[in-house]
Amino acid sequence: MSKVYFASARVKKWTYADSMPGKLERALKEVNLSAHFGKDEWIAVKTHFGSEGSHRVVRPVFLRKVVDALKGIDAKPFVTDTVRIKGLDYLEVANQNGINSLSVGAPVVLGDGLYGNDNIMIKAGEILGEIAVASLIHDVPAMVVCSHVKGHIQAGYAGAIKNVAMGGISSSHRHCGWKCGRGAMHTIGEGRLLWDEEKCTLCLQCEETCPLEGIKFDNEMFGYNEDDCWRCGRCARVCPEGALTLQGDDERFMKALAEAAMSVLSTFKANKVLYINFLTEIQPECDCMPAADVPVMQDQGILISDDIVAIEQATIDLLLNAKPLPQSAADKPERQSGDILFELSKKPYLIQIEEAERLGLGSKHYELIEI
Ligand code: SF4
Ligand code: SF4
């Protein structure tokens with residue numbers, strides 16, 4: 001049975017030891033980092049830098065605690081993420097969201113280069129075939145995956161599996177483009193965007209949100225650069241009218257996430273990846289969106305494990321016990337189940353975890369150890 005360490009967000013004593021940074025420090029001692037990582041070993045601390053307007057990322061103070069703990073065993077950590085918008089702009093987003101070398105105490109670098117196409121093709125499974133893993137994540141011998149837990153309109157739930165799957169893969173490969181990148185998870189076939197003129201109100205939110213500035217309306221008709229489009233689906237997700245869609249199906253998407261996570265993790269030897277899930281500021285959508293809504297449930301705390309399936313299951317079990325926060329997107333009288341994230345997205349997100357277990361990435365059975 002896998003161990004999952006839990007540091008609750010609730011403060012019962014007004015001491016540093018009972019604060020979340022203090023509990024994280026203790027939890028990192030408890031997991032015995034030296035059992036996973038060696039002296040002078042380079043370690044990727046993989047997080048998500050967020051976006052301009054989406055500020056509810058893993059807070060720099062927590063990344064600093066992870067970096068300091070790794071330095072404490074004489075390892076060599078650095079903080080990284082893969083490119084989501086133009087690389088230089090993405091580093092500036094990280095800076096604006098407080099993630100830089102001064103705040104986290106280690107270099108902050110891009111996992112797949114300034115152009116987001118520095119990657120290596122790796123065998124995946126029956127859905128994806130092959131996939132472009134960010135070269136830095138492919139090459140580094142060890143990783144601590146720091147995931148901000150939240151909802152997601154397409155994935156339903158976003159935690160460690162999504163951080164490894166989407167975050168360890170590039171948007172595009174220099175030869176086979178989006179078909180070997182994240183887009184391969186998001187869509188099927190040629191992944192053409194479908195526009196419904198009847199529903200469109202010309203609000204231009206899709207145009208504003210495209211990271212490649214690839215959408216243009218000409219004479220009130222939708223157009224986009226299909227050759228360059230990453231199939232990231234962001235334009236369809238922000239459309240308030242459901243006028244834009246990217247073809248795909250939920251079950252395939254969830255399974256593809258698990259498959260991509262498997263490909264990324266296959267580049268590490270056993271016991272070289274640790275997962276930290278931050279159940280804080282749990283908002284309804286991805287940190288790549290142009291805004292972050294108010295949290296839909298109260299902060300739960302921090303989980304740590306070396307089993308990606310166990311930590312995801314433990315996270316979901318905590319979220320299922322949480323209450324919807326007033327004045328948030330989850331504050332709706334017509335809610336039918338106790339599953340807040342499902343109510344928000346109607347997506348079968350548990351498939352991610354079931355598929356990850358089926359692929360042998362870990363076990364849903366865990367022992368929760370409270371710090
Ligand atoms: S899917 Fe939409 S937002 Fe994403 S790159 Fe293509 S046009 Fe831009
Ligand atoms: S976001 Fe949707 S409604 Fe707004 S312009 Fe784009 S397609 Fe039309």
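Lys123 touches Glu130 and Ser263, leaving aside residues up to four places away in sequence, where contact means that two C-beta atoms, placed from the backbone, lie within 7 Å. The structure is a predicted model, in which local features need pLDDT of at least 70 and side-chain atom pairs count only at pLDDT 80 or more, while totals for chains, interfaces and linings use all residues. Residues are numbered from 1 along each chain as its sequence is written, and chains are lettered from A and ligands numbered from 1 in the order in which they are written.

**Two residues and their surroundings**

- Lys123 lies in strand 5 (residues 119–123); helices (H or I, at least four residues) and strands (E, at least two) are DSSP runs numbered from the N terminus.
- Lys123 counts as exposed because it has 11 C-beta neighbours inside 10 Å; a residue is buried with 20 or more other C-beta atoms within 10 Å of its own, exposed with 12 or fewer, and partly exposed in between, the C-beta atoms being placed from the backbone.
- Although Lys123 and Ala260 are 137 residues apart in sequence, their C-alpha atoms are 9.4 Å apart in space.
- Leu359, found in the loop between helix 13 (350–358) and strand 16, counts as partly exposed, with 16 C-beta neighbours inside 10 Å.
- Not counting residues up to four places away in sequence, Leu359 touches Ala258, Glu259 and Met262, whereas the C-alpha atoms of Leu359 and Ile73, 286 residues apart along the chain, are separated by 32 Å.

- Eight strands form an open sheet in the order 4-3-2-7-14-15-1-16, with mixed pairing, and two strands pair if DSSP finds at least two bridges between them.
- Strand 4 (108–110) and strand 16 (366–370) stand at the edges with a single partner strand each, so one side of each has no neighbour in the sheet.
- Strand 2 (residues 42–46) has four of its five residues buried, so it is largely enclosed by the rest of the structure.
- Strand 2 pairs with strand 3 (residues 76–81) in the parallel sense over five bridges, and Ala44 stands opposite Phe78 in strand 3.
- Strand 14 (residues 273–279) runs antiparallel to strand 15 (residues 301–305), to which five bridges join it, and the bridge partner of Leu279 in strand 15 is Gly301.

- In helix 1 (residues 20–30), the buried residues are Met20, Lys23, Leu24, Glu25, Ala27 and Leu28, and what covers them includes strand 1 (2–8), helix 2 (60–72) and strand 15.
- Just after helix 1, Asn32 takes a positive phi of about 60°.
- In helix 3 (residues 87–96), the buried residues are Tyr90, Val93 and Ala94.
- Seen down the axis of helix 3, these buried residues fall within an arc of 100°, so they line one face of the helix; the arc is that of the directions from the helix axis to the C-beta atoms.
- The buried residues of helix 3 pack against strand 4, and Gly98, just after this helix, takes a positive phi of about 90°.

**The two ligands**

- Ligand 1 has around it a set of residues including Cys210, Cys229, Cys232 and Cys235, a residue being near a molecule if its C-beta atom, placed from the backbone, lies within 6 Å of it.
- The residues that surround ligand 2 include Cys200, Cys203, Cys206 and Cys239, and Glu241 is also among them.
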